[in-house]
Each structure stands twice: as C-alpha cells, then as structure tokens.
Amino acid sequence: MSLEQHTYHFDAYPMFAFVPMGKKNKRIRSVGQKVQKGLLHRLHDHVKRKMDAFTREERKKLQTFLKQDTEAVLPIPLNKEDEIYPHLIKPEQLIWQSFSPMHGIPIHSSSTYRESYINLSTEELDHHLDQVLRDYLFCADVAKQTRHDWEKRIVDGFQRHPFIQLAKEKEEVVQAVEKINHSPFISLLNSPEDLSFWRHRVEIVMRPYREIPDAWLWRGDSICSHEKQMIFHAASSEIEYCCDSCRFSVYYNVSEERVRLREEINMERAQKRIATIERQFNEMVEKTPRLVEKIDEVAKALSSFEPVVDLYNDVLDLKSRLEIDESPNTVTLYEQLRKVSLPEKREGSPLLWLSKISTDTIEPFKPRVILPIVNETEFTRVRAYLDNLILLSTHSPRNEEKYVTIKGNVLTFGELKGVLQFISMHENQPLHVMSKVLTGQTTNALRMQGLHEDENYGLLNDWEEKHVVKAIKSIEKDGMLEKLSKGYALTEKANSLLGKENQ
C-alpha cells in the first residue's frame, strides 16, 4: 500500500493521516470549519482512547500499514472542499495499492464503509471503530506478504484440503459415475428398482464434487486462470478467495493456515459413500451377465468390419445422399457401430471400464437383438448393393417413366417435375390452392393471383382434387418436400432431380 504521497498531518489530530478523496482533489489545505473540527475532535478522542488499550506492537502494525513515521493509525478522507468525507476508507482498498500523486484517492461505493460515522451515536461510533480498527489490524498482518504469496498459500491449502485430496484419489471413480449416469447404456442393466435407488444415491454423493468447478478440481496442482478477488474477513481471520467467472469461493484462515470450503464435508461419510456407489453399480452388473456377453458380440462385430470399412462408408454416404431407407442388415449394423467405442482393456471394476464405452445407440447391445452375420458372403452382397446405389445415383429417369400411382392415377416423372416446379415458384401457397391449380380449376382467387396463367396450370386436369392432395403428401413422404408453416419448400433431393433435367 502506498499513501505516503497523499497524507497530510495536523498537530491537533496526531492519530489521523488525512487523505484527499476524489480524482480532482489533489491536496488538503485545512481541516474545515468549526463544525467539522468538532466532529474530528470527537472522532479523534474515540480513536485515542482505543489506542490506549492497544499494545505497542498493534499500534506499530497500523502505522507500518499506513507507511507513517508519525503516530497516525487511521486514514481520514476529506473531499475537495476540505470537508469530512462521511465514510471511512476500507483497508482492503489500500492493501497492495499505489495511487497517482496527480489525483486523490478514487471514490467507489465499495471502497468505503457504509456507515456515515458523523451521524452515529457515541455507542454506535464506538462499535463502528472497533470493527474498523480490527479490519485494519487484520489487513496490516496480511500486507506483510505480497498478494502472490497469499495466492500461493491459498491454492496450496486448497490442494491439501482433505476433500480435494479424496476427489483426486477417486477421480477415476467420480468421472466414471458421472459418465455412466448420463449414458443410455445404463438402461440395459437388470433390476430397475436397484438402478433407480442407485441414481438417487448418486445425486446425493456427487453433489459436493459437482459444487466445485472442474477448473478447480481436475487441473492437477493448479486452479482456474480467471482473475480472482480477495475479500478480507477480520472477524473470522479469513481471506475469501473468490472467482466470479466460476462462481466459486474458498476461505483461507490466516491464523490456522488452512482452507475451508463454503460447505464443509463429513470426510468419513464421503469416503464411505463414494466406495458404496461403486460397489452397488458393480453388483448391478453382476446381475446382468448377458450385458457383458453382448459387449463381447459387439466387439467381434467391430473387428470383423475392420477390413471393409471403406466399402461400408461408401455405402452409407451414397445411401444418405440418395435418401434411401432400405439396406442390407449389416449396413444397418455398421451404421450403428460406426460411432461405438469400446475400451481396449477391461481394467478396474465394471463401473470403470463400462464408463469408457461410447455409443450413440444401445440397439446392438440389447439382449434380444441378434446381430447379423458378418462374413465374406455378406460383403459380396453389400458390394452388389453399392453397385445398385451407384447406378441409381447416375440414372436420370425418363419423363414418361412412372413415379407413383395414386388411386389408379399414374404420376410420371415428367408430371412430378412439373409439380415440383410449380411448388418452387409458389412456396407459400396452401395445399388446397396447389391442388386446384394442378387440376385446372378456375376461381376468382386463382385469377386474382394470376395462378391460372402458370405453365403447370391444369397439369393433372384428369385427376380428382383429393388424389392430387395425396400425391403431394406422397412426394413429401419421399423426402422431396419440406412442410412450411404455410405451403412447401423443395428439398435437396427434389432440386437434384430438377437439376438433372436442366443439365
């Protein structure tokens, strides 16, 4: 803290170091009017009486904190009119701070005490000064070391906290519980009642771990890199180390040299609980032997696909582009297994290695699901399937070819393209208007919009309107139309069909 260049002294008030408050308040010329002097004399008498009860060492601490060679133990702020600023300065606003000699001490609501000491009764003022001087003594002790030194002490104390040490010791178990608890895989376990009870216990056991941010708990000997605040609590001899970004604080007791958490944990109970939920999960796995067998089957299937992954990836890519649903069973299986990851080794308890299974679907792991045979015969079949997909992707249907039949009415590819062209030009038209235009009906509403002049007007004039509606819904189901809040829009598949026509 550096107030040397900002303090002024007056012989009538040896206990005070007067400081100018406010950016434009550079110096102090006097201590104000008669009323102001009366208030200062009253305050000085209270402080002097309290200093008489302090030890010489305590008085020296306060003087050193203010960097004074005088008897001054308390800074008294004055405003630019040299009048008493009614709130005393908090010591934490001075610790490790330096101020420009070109300006006074900045004024912030957080930098001074809330109490206006000039309006306090004698008893209230006495109590307020007890708190202020206690805070200054505490900060005087803290100021003997740098902020960096205190931060190191706090972080080291946090890492030594028994619960933090337990968390690091049980990190693999804690992480496994969190992963498996949010995995769809857990639904494959037998004993739904046991599983429900286990998940309820997990919420209780995991709460203290979840309340500590990952950036504090799982970063080795370090913590998060955000800027921190230090809040000083003289009454409890604690420094609150607070990260606003993580919304987390720890408390370092200066006299005891240890960190406490906001909510302390019963360590004996915490050790038993983490061991219990691991044991309970493993017991549920023992009651579901078929699950491990299914994992073995999936592992074998994954292994059998390894030599032909390029074939199956090509099939899936082309199948997706053509929006085709039908496919050989092993293609469906490969699509499910493509994002399955199994641990190379089953190390540790079932909880630990099962938590390392990653999958988007549990379908191949279900007990009653029979995985299709993956062999050379099947690979030959899939290669033929791929050839058919390639043929489909390069084939452009002739306009006279049948696309779909609705109640005896044949919709050709040429007519389909006409329907798609109309919809692309009139996306916001409702279905009943489309059907009237395509069947060639004449209404005032159609004429007013000029729809009777569209080149596809009357394209399906021999169809009933209700059958046209069914045809459009069939086109939507085939993935060529996307339903809008009003009307339809063409999909990529439909645009591709129209694009081939224009090539």
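User: What share of the contacts in the protein chain with a separation of 6 or more comes from residues 24 or more positions apart?

Analyst: Such residues account for 66% of these contacts. Contact means heavy atoms within 4.5 Å. This is a predicted model, in which local features need pLDDT of at least 70 and side-chain atom pairs count only at pLDDT 80 or more, while totals for chains, interfaces and linings use all residues. Residues are numbered from 1 along each chain as its sequence is written, and side-chain values use heavy atoms, with hydrogens and water left out.

User: What radius of gyration does the protein chain have, and what would a compact globule of 503 residues have?

Analyst: The protein chain has 40 Å, whereas a compact globule of 503 residues would have a value near 23 Å. The radius is taken over C-alpha atoms, and the globule rule is 2.2 Å times the number of residues to the power 0.38. Along its principal axes, the C-alpha trace spans about 110 × 70 × 40 Å.

User: How many helices and strands does the protein chain have?

Analyst: There are 19 helices and 10 strands. Both are DSSP runs numbered from the N terminus: helices are H or I with at least four residues, strands are E with at least two.

User: Why is C224 called buried?

Analyst: Buried means under 20% relative accessible area, exposed over 50%, and partly exposed in between, with a 1.4 Å probe and protein chains only. C224 has 4%, so C224 is buried. In the protein chain, 45% of the 503 residues are buried.

User: How many disulfides does a search of the whole structure find?

Analyst: The search finds 0 disulfides. For C224, the nearest cysteine sulfur is that of C243, 3.7 Å away. A disulfide is a pair of cysteine sulfur atoms within 2.5 Å.

User: What makes R247 exposed, and where is it found?

Analyst: R247 has a relative accessible area of 77%, so R247 is called exposed. R247 lies in the loop between β4 (238-243) and β5 (248-253). Its phi is near 55 degrees, a positive value in a residue other than glycine.

User: How do you know that K407 is exposed?

Analyst: The relative accessible area of K407 is 60%, which means that K407 is exposed. K407 sits in the loop between β7 (402-406) and β8 (409-412). Phi of K407 is also positive, near 50 degrees, in a residue other than glycine.
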